[in-house]
Amino acid sequence: MKKVLIIDDEVDLCIMIKQFLSRKNYDVHIAHTLTDGFSYLNMINPHALILDNNLPDGMGWDAVGIIHERFPEMKITLISAHKTIGFFHPALSAQIKILEKPISLREIEMLL
């Protein structure tokens, strides 16, 4: 069973994504801050990460480079209410998928 970590402070969105992916046989874990998310990354070593861009303790796009460096094989999807592609170094933008809110559960599934 593939593990997915969601780092997002929107509780309802996390629950919706978790329920959807759990029905698709993913083992889904949730963190609501970058700090908690980094703890989960080290504990569960997920196959994929769904990362909100605007979190209470930092910006997702600032963490993407660090996460990608530590977990180069992990699929990372950044969720943002704003276009953020310009914030990435060109080498990273090819590795990271970006979804703009409102998101589609089917889009998330396709990126995993």
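Visitor: Where does helix α2 lie, and how does its direction compare with that of β1?
Guide: Helix α2 (residues 34-44) lies across β1, β2 and β3, and runs at about 170 degrees to β1. Such angles run from 0 to 180 degrees between N-to-C directions, using axes fitted to C-alpha atoms, for helices over the stretch in contact. Helix α1 also lies across β1, β2 and β3 (48-52), running at about 170 degrees to β2.

Visitor: What kind of model is this?
Guide: This is a predicted model, in which local features need pLDDT of at least 70 and side-chain atom pairs count only at pLDDT 80 or more, while totals for chains, interfaces and linings use all residues. Residues are numbered from 1 along each chain as its sequence is written, and side-chain values use heavy atoms, leaving out hydrogens and water.

Visitor: What makes β2 and β7 edge strands?
Guide: Let's start with the sheet. Five strands form an open sheet in the order β2-β1-β3-β6-β7, with parallel pairing. In it, β2 (27-31) and β7 (96-100) each pair on one side only, and these are the edge strands. Strands are DSSP runs of E with at least two residues, helices runs of H or I with at least four, numbered from the N terminus.

Visitor: How do you know that β6 and β7 pair?
Guide: Pairing requires that DSSP finds at least two bridges between two strands. β6 and β7 have five bridges, in the parallel sense, so they count as a pair. Across them, I76 stands opposite I96 in β7.

Visitor: Why is K75 called partly exposed?
Guide: The relative accessible area of K75 is 36%. Buried means under 20%, exposed over 50%, and partly exposed in between (1.4 Å probe, protein chains only). So K75, in between, is partly exposed. H47, in the loop between α2 and β3, is also in between, with 24%.

Visitor: What brings H47 into the story of K75?
Guide: H47 is among the residues in contact with K75, leaving aside neighbours within four places in sequence; contact means heavy atoms within 4.5 Å. Their C-alpha atoms are 6.6 Å apart, although the residues are 28 apart along the chain. K75 belongs to strand β6 (residues 75-80), and its side chain reaches the backbone oxygen of L112 at 2.9 Å.

Visitor: How do you know that D52 and K101 form a salt bridge?
Guide: A salt bridge is a side-chain nitrogen of Lys or Arg within 4 Å of a carboxyl oxygen of Asp or Glu. The N to O distance for D52 and K101 is 3.4 Å, so the pair qualifies. D52 lies in strand β3 and K101 in the loop between β7 and α5, so parts 49 residues apart in sequence are tied together. D52 is buried, with a relative accessible area of 3%.

Visitor: Which other salt bridge involves K101?
Guide: The side chains of E10 and K101 meet at 2.5 Å, N to O. E10 sits in the loop between β1 and α1, 91 residues from K101.

Visitor: What makes D8 a case without a salt bridge?
Guide: D8, in the loop between β1 and α1 (11-23), is buried, and the nearest side chain of opposite charge, K101, is 4.4 Å away. Lys and Arg count as positive, Asp and Glu as negative, while His and the chain ends are not counted.

Terms used: Polar contact = N/O pair within 3.5 Å; in protein donor to acceptor, adjacent residues only side chain to side chain.
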